[in-house]
Amino acid sequence: MTAVSTPVPITSVPEATRRAKRRGAALGVLAWFVGIVFVLPVLWMLLTSFHSEADAATNPPSLAAPLTLDGYKDFFGVGGGASPWPALLNSVGTSLFSTCFVLLLALPAAFALSIRPVRKWTDVMFFFLSTKMLPVVAGLLPVFLFARDINFLDNVWLLVILYTSMNLPIAVWMMQSFLADIPVSIIEAAQMDGARLPTILWRVVAPIAGPGIAATSLICFIFSWNEMLFAQVLTGVVAQTAPAFLTTFVTSQGLFLAKVCAASMVISLPVLAAGFAAQDKLVQGLSLGAVK
Amino acid sequence: MSNPTTAVPVSGQRPPSAAPASAGRPKATRNRAREWATRAPLLPALIFLIVVTQLPFVATLVISLFDWNSFRPDRRAFAGLENYKTVLSDESLRESIVTTVLLTASVVIVSVVLGLLLALLLDRKFRGRALVRTMLIAPFLLVPVASALLWKHALYNPEYGLFNGVLNWLGGPQPEWLTDTPLIAVEASLIWQWTPFMMLILLAGLQSRPLDMVEAARLDGAGSWQIFRFLTLPHLRRYLELGTLLGSIYIVQNFDAVFTMTRGGLDTANLPYTIYETFYNAHEYGLASAAGVVVVIGTIVIATFALRVVSSLFREEASRA
C-alpha cells in the first residue's frame, strides 16, 4: 500500500476547492433543471385544470389565462352529467378494506416467517413472491366467469378480495423484513422477565414494527387505489372505482381538456398527498422492505 | 434485504430436535403439535393466496383446451391443443409478444440509467435538495390512468397539446405524436413514471454506501470516476438488480398506458392488452386462455431467472450479517 500523500501541492488547494465548488454548483443547477422538467407535466395538468375549456385548448398554450373552477365543477357534475362521488367512495372503500385484510393476513404470516420461523421459511417467501410474477391478466377470465355465475360481478367486495390477494405477497415480504430486524435479544430478555407471547407481541414487537406497518399500509393503499384492469373488467355501474371512472375520458369529447385535468388531479390527490408526506416509507415499501 | 440469520427462533421454543431424547413418545406428539402451532399463523395467508391466485390459473389451463366463444355457447367443445396452434401462428399475437419485450426492455433500461444519473445528482448536497426530490417523485405518484390521460390529451394532442404548443412557439413542426411514433410515445410516458421509482431505490442504495471507504480511496488519490466504477457501482449492484426486477414485474403487466393512450392500436398492443381484447371484446375464451398460458410459461422462464437473482441477494445479505 502506498503511503498517504497529499494529492495536490498545498499552494494550489484554494484553486482546486474553488473549481470543485463551481462544479458542485453547476451540478446543483442541473439537478434543479431535471427536477423541473420531470414535474412540469404535473404542473401543466394542475394549471390546465384551472383554465376554462376554451383557454385550455389553444395552440400555442395560453399560460396567463384567467383561472376558474369550471373544470372541477364540470367534473363533479355540477352542471349535470355523471357524478364521480360513487366511484371515489368505492375506491376509498376497496382500498381501505383490502389494506386492512392484507394486514390481518400478512402480520401473522410474517411472524411465522421471521420471529418464530417455520421450517423452510425461505421457500414460503419465494412462493409468495412468485405469485406476484404471474400476470394477473392470465387468471382474469376464470375470475370473471366465476363471478358472473355466482352473481358477484359489479360488487365492491369482489375487488376487495382481489386487491387483498394482489397486495398480500408484497405485504408479507415487507413485514417479514421489518420483523426480522427486531433483535432477538430484546425478545429473549422479555421472556426472561416472564413475559408471555401476547405481552411480547403487544409491548415489544408492535412498537418496533409500527413504522413498518405504516409503510406496508401506504403501499397497499396506493396499489389498490391505482388498480385499473380488474376494476375495468369486473365492475359496471355500482362498484365502479375512480380509475375505471377515469377511463370514460379515454376518447376525446370536444372541449374537455380542463375537465380531464381536473379529474386526473382529484383522483391522484390522495396518492400524491400520502406519497409526498411519507417519502421514506414509500421507498421502503417499493423495495419490499429491502431499503430501510 | 432482510437478514435471515437474525431471524433465529426464540430460544427454548424451537427447534423440535432440541427436545431431550429421554422424553419419549408423548413429547414427539407434543412437538408435532408445536410445529403446527408455528405453522398456524402462516396458513390463512397461504390458503387465501392459493385459492384466489392459483386456482384461476388452473381454470385458465382447462379453458385453454376448449373451443369456446361465448357468442356461440352451443359449440363449446374440447379442442386439445388447437388454441395453442392458433396462438403461436397468429400474426397479431406474435406481434404483441415482440411489443411486450420491446416495451418492457426499453422502459426498464432507460429508466434505470436515468434513475442512476438522477440518484447521483441527488446524492450531492445542494440547496433545495429535498424539494427537488419531491418534484422528481411526483410522476410516480400520479394514478397510472391519470398519467396516461395527461400524456394523451394534454401533452401529445396534435392540436392543443403542450408539446406542439411549445414547438409552435419555437416555430417547429407539428407532429402527430401518437400516430407517428406510437410505441415510443407510450414508452416515453412510462419512462417518465418509472424513472423516479428507480431513482428512489438507487438513491437509498447510494446513501447506504460506507463513506469512510470512499474517504480512504480519495485520500489514496482515486479520482471520481475510479471511485464510481470500483466502489459505488459494485455497491449499487444489488439495488440495480432489485430495481430492474421490480420494474420488470410491473411493466411486463402494463395495461393502463396501452389501454388509455392507443387502445392497443398501431402495433402498441402488448400481451396483457391482447388477452384482454381477445376475451373481453372478441369473447374467444379458449383462445384468450391459451394466450394467457403462453404468457405464464414465458413469465415462469423469466421469473425463475429473476428469483435466482433475488435469492442470491438474499444469501449475500445473510452471509454479510
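**Figure 1. A:Ile170, a buried residue in helix H7 of chain A.** In this predicted model, A:Ile170 counts as buried because 23 other C-beta atoms lie within 10 Å, where the cut-off for burial is 20 or more. The residue sits in helix H7 of chain A. Once neighbours within four places in sequence are set aside, the contacts of A:Ile170 are A:Lys132, A:Ile219 and A:Leu288. For the pair A:Ile170 and A:Ile219, the C-alpha atoms are 8.7 Å apart, while 49 residues separate the two in sequence.

**Figure 2. The loop between helices H6 and H7 of chain A, with A:Asn151 and A:Asp154.** Helix H6 covers residues 137-149 and helix H7 covers residues 156-180. Most residues other than glycine have a negative phi. A:Asn151 is not a glycine, yet its phi is positive, about 60°. A:Asp154 is not a glycine either, and its phi is positive at about 55°.

**Figure 3. Chain A as a whole, with 13 helices and 0 strands.** Along the sequence the pattern of chain A is α-α-α-α-α-α-α-α-α-α-α-α-α. The C-alpha atoms fill a box of roughly 75 × 70 × 35 Å along the principal axes. The radius of gyration of chain A is 26 Å, whereas a compact globule of 292 residues would have one near 19 Å. Of these 292 residues, 46% count as buried. Taking the contacts in chain A between residues at least 6 apart in sequence, 77% join residues at least 24 apart.

Figure 4. Residues 25-47 of chain A are 100% helix and 0% strand in the model, and their end C-alpha atoms lie 30 Å apart. Residues 200-224 of chain A are also 100% helix and 0% strand, with 32 Å between the end C-alpha atoms.

Figure 5. Residues 134-151 of chain B are 89% helix and 0% strand, and their end C-alpha atoms are 21 Å apart. Residues 183-206 of chain B are 100% helix and 0% strand, with the end C-alpha atoms 33 Å apart. Chain B has 14 helices and 2 strands in total. Of its 321 residues, 41% are buried. Among contacts in chain B with a separation of 6 or more, 69% join residues 24 or more positions apart.

**Figure 6. Helix H7 of chain B and its buried residues.** This helix covers residues 162-169. Where around the axis of H7(B) do its buried residues lie? The buried residues of the helix are B:Leu162, B:Asn164 and B:Gly165. They lie on the same side of H7(B), because they cover an arc of only 165° around the axis. An α-helix has 3.6 residues a turn, so residues three or four places apart point the same way. After the helix comes B:Gly171, which has a positive phi near 75°.

**Figure 7. The contact between chain A and chain B.** Chain A brings 95 residues to the contact and chain B brings 89. On the side of chain B that touches chain A, 61 residues are nonpolar, 21 are polar and 7 are charged. The model has an ipTM of 0.83 and a pTM of 0.81.

**Figure 8. Residues 1-23 of chain B, where the pLDDT is below 50.** Chain B has an average pLDDT of 78, and 84% of its residues score at least 70. The stretch of residues 1-23 makes 42 contacts in the model beyond near neighbours in sequence. Where pLDDT is low, the predicted coordinates should not be read in detail.

Note on methods
Residues are numbered from 1 along each chain as its sequence is written. Chains are lettered from A and ligands numbered from 1 in the order in which they are written. This is a predicted model: local features need pLDDT of at least 70, side-chain atom pairs count only at pLDDT 80 or more; totals for chains, interfaces and linings use all residues. Two residues are in contact if their C-beta atoms, placed from the backbone, lie within 7 Å. Ala, Val, Leu, Ile, Met, Phe, Trp, Tyr, Cys and Pro count as nonpolar, Asp, Glu, Lys and Arg as charged, and the others, Gly among them, as polar. A residue is buried if 20 or more other C-beta atoms lie within 10 Å of its own, exposed if 12 or fewer, and partly exposed in between; C-beta atoms are placed from the backbone. Helices (H or I, at least four residues) and strands (E, at least two) are DSSP runs, numbered from the N terminus. The arc is that of the directions from the helix axis to the C-beta atoms. The radius of gyration is taken over C-alpha atoms; the globule rule is 2.2 Å times the number of residues to the power 0.38. pLDDT is the predictor's confidence in each residue, from 0 to 100.
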